[in-house]
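This report goes through one protein structure, part by part. Please keep the sequence and the 3D view at hand while reading.

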Amino acid sequence: MWKGILEHYRDYLPLSERTPIISLQEGNTPLVRAETLSRELNIDLYFKVEGANPTGSFKDRGMVVAIAKAVEEGSTAVICASTGNTSASAAAYAARVGLRAVVLVPEGHIAVGKLSQAVMYGAEVLAVKGNFDQALDIVRSISRDHPFTLVNSINPYRLEGQKTAAFEVCDRLGEAPDVLAIPVGNAGNISAYWKGFVEYHRAGVIRRLPQMWGFEAEGAAAIVRGEPIPNPETVATAIRIGNPASWKLAVQAQRESGGRIESVSDEEILRAYRLLAQAEGIFAEPASAASLAGVIKMREKGWLAPGTRVVAVLTGNGLKDPSTALEAVTVKPRVIPCDPEAVLRAISERGVR
Ligand code: F0G
């Protein structure tokens, strides 16, 4: 039986005898081959489906380590700023071990599913009239001066946990892929994956390293533009971040791996979002689709050779953001009378034979 990442990757994690082994059975997520898109793009494409984690995003991998270490260190309260997924995950793991959780989210710019998670798990949710970057500044200073453990990805235990996704990709494929494509927001996850690949390479588990390809949303592409963006905007609210905390680590991952950090427009994100669902049967949230949007864009530009093995990380579950889904599709539910004739009439436009 799968016991979660603390147990499974114990040898690679900074655990001591005093670290409580907690788990919601995070990790061990599917690596699904994209059958249709591999054919259409003429590459060997896989999706790492992180929406299958207990709270529906990759954050659970980092949060389980951060919360276990907080308990070990005697903390009684955690705090974070979040575009939504971190707050859901922090709230869940804090509830699991009985810690107080305070989460700051940008008012009006968080998907409804994520907000409902944080409140349901019993966190103290503060919707601030500002953006993620401003909220992060606030929780950083509060955690410096008060007994709150910061569980954003600047907490090094977060990246330690998140690197296990890279391990799983290699364990499943038997080797690293040629390219790892990933959305970039606060830039923690791309840094964590790179750390994971490098550690597996050093340990001799894999013989080569992948190129790290990170994709920011165009309206929040601080790293691509080379300067912070004071008012970031994108439909992908999870990565609506203008001054990524792990900026330097992300650029290091890109340079050392010979990869790229590029941007994708909201239009490209939404196209990939629908394509994922309708061509592959995978419903991921808009920010997650940035990885596929990037792969398609790079393929169109000729920067991706035919046959290349690519793993695109799908960071969060599509159900977190039902409003964007309903806005993104043209086929809406139709209201009809409850009788067989009406149903036949409705479906006959596209044929019933
Ligand atoms: N995808 C999703 C679904 C996310 O929630 C995030 C980040 C990212 C991608 C980007 O990852 O920040 O490590 O580069 N969400 C954070 C949050 C910021 O508060 O939930 P990153």
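Which residues does F148 touch, not counting residues up to four places away in sequence?

## The surroundings of F148

The model described here is predicted. In this model, F148 touches A77, V78, I79, R100, V102, I142 and S143, leaving aside residues up to four places away in sequence. F148 itself is found in the loop between α6 (132–145) and β6 (149–150).

Is F148 buried or exposed? The relative accessible area of F148 is 18%, and buried means under 20%, so F148 is buried. As for L15, this residue and F148 are 133 residues apart along the chain, and 21 Å separate their C-alpha atoms.

## Two domains

The protein is divided into two parts: domain 1 (5–58 + 156–326) and domain 2 (59–150). Taken over C-alpha atoms, the centres of domain 1 and domain 2 are 22 Å apart. How many residues of domain 1 are in contact with domain 2? The contact involves 46 residues of domain 1 and 35 residues of domain 2.

## The nonpolar cores

The largest nonpolar core has 58 residues, and Y193 and F197 are those with the most contacts inside it. Helix α3 (residues 59–72) gives the largest share of this core, seven residues. Both domain 1 (5–58 + 156–326) and domain 2 (59–150) supply at least three residues each to this core.

F197 can be followed in more detail. Not counting residues up to four places away in sequence, F197 touches A166, C170, A176, P177, L180, I206, L209, P210 and M212. Another core, of 36 residues, lies apart from the largest one; V49, I282, A287 and A325 are among its residues.

## Helices α12 and α13

Two packed helices are described by the angle between their axes and the distance between the axes. For helix α12 (residues 266–280) and helix α13 (residues 286–300), the angle is about 100° and the axes are 7 Å apart. Angles of 65 to 115 degrees count as roughly perpendicular, so α12 is roughly perpendicular to α13.

Which residues make this contact? From α12 come E268, I269, R271, A272, Y273, L275 and L276. From α13 come P286, A289, A290, L292, A293, I296, K297 and E300. Sorted by class, the contact of α12 with α13 has 11 nonpolar and four charged residues, with no polar ones.

How values were computed
Residues numbered from 1 in each chain as written. Predicted model: local features only at pLDDT ≥ 70, side-chain atom pairs only at ≥ 80, totals over all residues. Heavy atoms only, no water. Core = buried A, V, L, I, M, F, W, Y, C linked by side-chain atoms within 4.5 Å. Buried < 20%, exposed > 50% of the residue type's maximum accessible area, 1.4 Å probe, protein only. Helix = DSSP H or I, 4+ residues; strand = E, 2+ residues; numbered from the N terminus. Domains from an automatic or database assignment. Contact = heavy atoms within 4.5 Å. Axes fitted to C-alpha atoms, helices over the stretch in contact; angles between N-to-C directions. Parallel < 35°, antiparallel > 145°, perpendicular 65-115°, else oblique. Nonpolar A, V, L, I, M, F, W, Y, C, P; charged D, E, K, R; others polar.
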